[in-house]
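I opened the model today to look up a few places in it. My notes follow the structure.

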Amino acid sequence: MSVAASIEKKGVSIRELSGKVVRSHVQTRTRLSRADKPDLVLVTVKAYDSKAVASVLKKSSIRNVPVLSLQNGLGNVEELARQLGADSIIAGTTTEGAMTIGPGEVIHTGRGMTWVGEMNGKVSDRCLAIERAFREAGFSTIISNNIKGVLWAKAIVNSAINPISAITHVRNRDVRRIPELRGIASKAVDEGSAVARASGILLKPSPKSLLAKVLAQTSRNKSSMLQDIEAGRRTEIRQLNGSISRLGSLVGVSTPFNDLLTKLVLALERSQGNS
């Protein structure tokens with residue numbers, strides 16, 4: 001049974017931090033039709049699927065509907081904008097922690113912050129509507145006038161936590177607790193920050209402070225990359241550390257830690273038959 005079919009049959013269940021389990025029935029679609037009239041499209045797929053999702057949306061009958069990217073990695077917003085038009089795209093990111101334990105079954109493992117924003121820095125009516133809806137749903141949400149800097153800061157934090165946890169098979173708390181892992185994470189953040197600055201990106205919030213906050217708030221979490229490795233899936237290493245390494249070479253910034261983390265996770269993928 002596909003994930004969509006399972007969710008259609010069983011609904012979605014979320015175990016909150018308090019232990020309370022919330023269940024809800026959710027209608028699913030495997031394709032869009034003229035009958036679908038969304039107010040907002042949320043793109044939450046893996047970064048390597050952004051191109052395919054953009055193609056599906058472009059071919060659909062949906063027009064003049066804002067598309068919000070809530071994804072990990074670098075380049076998602078740009079890929080969506082290339083195919084759908086820059087005016088359609090809203091950027092966002094979140095530090096909420098969650099683990100998937102089955103189709104439609106999620107454990108909420110840590111509170112975080114969600115940011116949304118227009119790439120031109122303006123505070124738009126549609127961003128205000130999204131902020132209001134997310135807050136009403138219980139998510140701490142703010143509108144950023146520097147969303148590109150936020151996306152970079154989050155990507156840098158992910159590049160420090162995700163590959164380390166995936167390679168060593170530890171939860172986020174251990175990346176903070178074990179000095180050797182904490183030191184590697186810090187070096188990865190330093191490199192990513194240097195690449196961002198050389199690329200003209202204003203990093204806000206500070207990746208170092210965001211790293212400490214995310215590790216504290218999501219200590220029980222398994223990073224998405226660790227979950228992917230455990231499930232034998234492809235990871236987002238190319239769009240995280242791989243992107244930082246590639247962009248570093250373009251702006252003349254050395255990234256030895258990101259280079260090594262990328263190679264190690266790619267080797268893990270290939271050992272599982274993913275290439």
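Predicted model: local features only at pLDDT ≥ 70, side-chain atom pairs only at ≥ 80, totals over all residues.

**Entry: Thr 95**

I started with Thr 95. I found it in the loop between β5 (89-94) and β6 (97-102). Is Thr 95 buried or exposed? Its relative accessibility is 5%, so I list Thr 95 as buried, the cut-off being under 20%. I then checked its side chain. That side chain comes to 2.8 Å from the backbone nitrogen of Met 113. Met 113 is also one of the residues Thr 95 touches beyond four places in sequence. Arg 111, Gly 112 and Trp 115 are on that list as well.

**Entry: Gln 272**

Next I looked up Gln 272, in the segment after α11 (256-271). I noted 35% relative accessibility for Gln 272, which means partly exposed. Which residues does Gln 272 contact, leaving aside neighbours within four places in sequence? I found Ile 229 and Gly 232. Ile 229 is 43 residues away along the chain, and its C-alpha atom is 8.4 Å from that of Gln 272.

**Entry: nonpolar cores**

I turned to the largest nonpolar core, which has 48 residues. Trp 152, Ile 156 and Leu 211 touch the most other members. Helix α5 (residues 147-168) supplies the largest share, 12 residues. A second, separate core has eight residues, among them Leu 68, Val 116, Cys 127 and Phe 134.

I went back to Trp 152 for its contacts beyond four places in sequence. They include Leu 74, Gly 192, Val 195 and Leu 247.

Note on methods: Residues numbered from 1 in each chain as written. Heavy atoms only, no water. Helix = DSSP H or I, 4+ residues; strand = E, 2+ residues; numbered from the N terminus. Buried < 20%, exposed > 50% of the residue type's maximum accessible area, 1.4 Å probe, protein only. Polar contact = N/O pair within 3.5 Å; in protein donor to acceptor, adjacent residues only side chain to side chain. Contact = heavy atoms within 4.5 Å. Core = buried A, V, L, I, M, F, W, Y, C linked by side-chain atoms within 4.5 Å.
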